[in-house]
Amino acid sequence: MIVSKNRVVSIAYTLTGEDGTILDRSRGEEPLSYLHGTGSMIEGLETALEGKAPPDHVSVSIAPEQAYGARDDSIVFSVPRAQFREVDDLQIGMQFPVQGDGEGHMVTLIGMDADEVTVDGNHPLAGLTLHFDVDIVDVREATPDELEHGHPHEGPSAHSH
Ligand code: ZN
């Protein structure tokens, strides 16, 4: 069965940056499952996988515009350190959820001094060209429930409800 819209696709993958650094990978024997064509996977990767089938191997480099977007310097900002007073051990690289815009959104702490903390609202992979090495492990039709929810219900990385 080929990868196409509204099918559940399971992949084993390694994600590397332009310098070859491994940024992310599926763990061991557990592939990542996602519902194809619903925007849950980055656009460039969906495009690369469309029409492929197990056991195809796909190796693709994806520009930021087709991945996590360009970096936006206007969402790097400083806030009073007092706003983080409940955090015991504040460290560069920590991520914090931001409320208010409906969706879960994270900011990353990129700097601090005695008075202020600097946070970056960009996705950690924004602005990067991403290289994916993907093995397509499985493709199947989604169930009606899965289509309604927009995510897989079976498989190692699926939701359990
Ligand atoms: Zn669900």
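This is a predicted model: local features need pLDDT of at least 70, side-chain atom pairs count only at pLDDT 80 or more; totals for chains, interfaces and linings use all residues.
The chain falls into two parts: domain 1 takes in 7–68 + 126–149, and domain 2 covers 73–120. Between the C-alpha centres of domain 1 and domain 2 the separation is 30 Å.

The second largest pocket holds about 230 Å³ of space. Its lining includes Ile-11, Tyr-13, Leu-15, Asp-24, Ser-40 and Phe-132. By class, the lining residues comprise 10 nonpolar, one polar and one charged. Strand E1 (residues 7–16) is the main contributor to this lining, with three residues.

Three salt bridges are found in the whole structure.

| Salt bridge | N to O distance |
|---|---|
| Arg-7 and Glu-141 | 3.1 Å |
| Arg-71 and Asp-120 | 2.9 Å |
| Arg-140 and Glu-146 | 3.0 Å |

In the salt bridge of Arg-7 with Glu-141, Arg-7 belongs to strand E1 and Glu-141 to strand E9 (residues 130–141), so the pair ties together parts that are 134 residues apart in sequence. Arg-7 is buried at 16% relative accessibility, while Glu-141 is partly exposed at 43%.

Arg-71 pairs with Asp-120. Because Arg-71 lies in the loop between strand E4 (57–62) and strand E5 (76–80) and Asp-120 in strand E8 (residues 116–120), this pair connects parts that are 49 residues apart in sequence. Arg-71 is partly exposed, with a relative accessibility of 41%; Asp-120, at 7%, is buried.

In the remaining pair, Glu-146 is buried, with a relative accessible area of 1%, and Arg-140 is partly exposed, at 22%.

Notes. Residues are numbered from 1 along each chain as its sequence is written. Side-chain values use heavy atoms; hydrogens and water are left out. Domain bounds come from an automatic or database domain assignment. On a 1 Å grid over the protein atoms alone, a cavity is a set of points where a 1.4 Å probe fits but cannot get out, and a pocket is an open set with protein on both sides within 12 Å along at least five of seven lines; lining residues have an atom within 4 Å of a point. Grid points are joined across faces, edges and corners, and a volume is the space filled by probe spheres set on the points. Helices (H or I, at least four residues) and strands (E, at least two) are DSSP runs, numbered from the N terminus. Ala, Val, Leu, Ile, Met, Phe, Trp, Tyr, Cys and Pro count as nonpolar, Asp, Glu, Lys and Arg as charged, and the others, Gly among them, as polar. A salt bridge is a side-chain nitrogen of Lys or Arg within 4 Å of a carboxyl oxygen of Asp or Glu. Buried means under 20% relative accessible area, exposed over 50%, partly exposed in between (1.4 Å probe, protein chains only).
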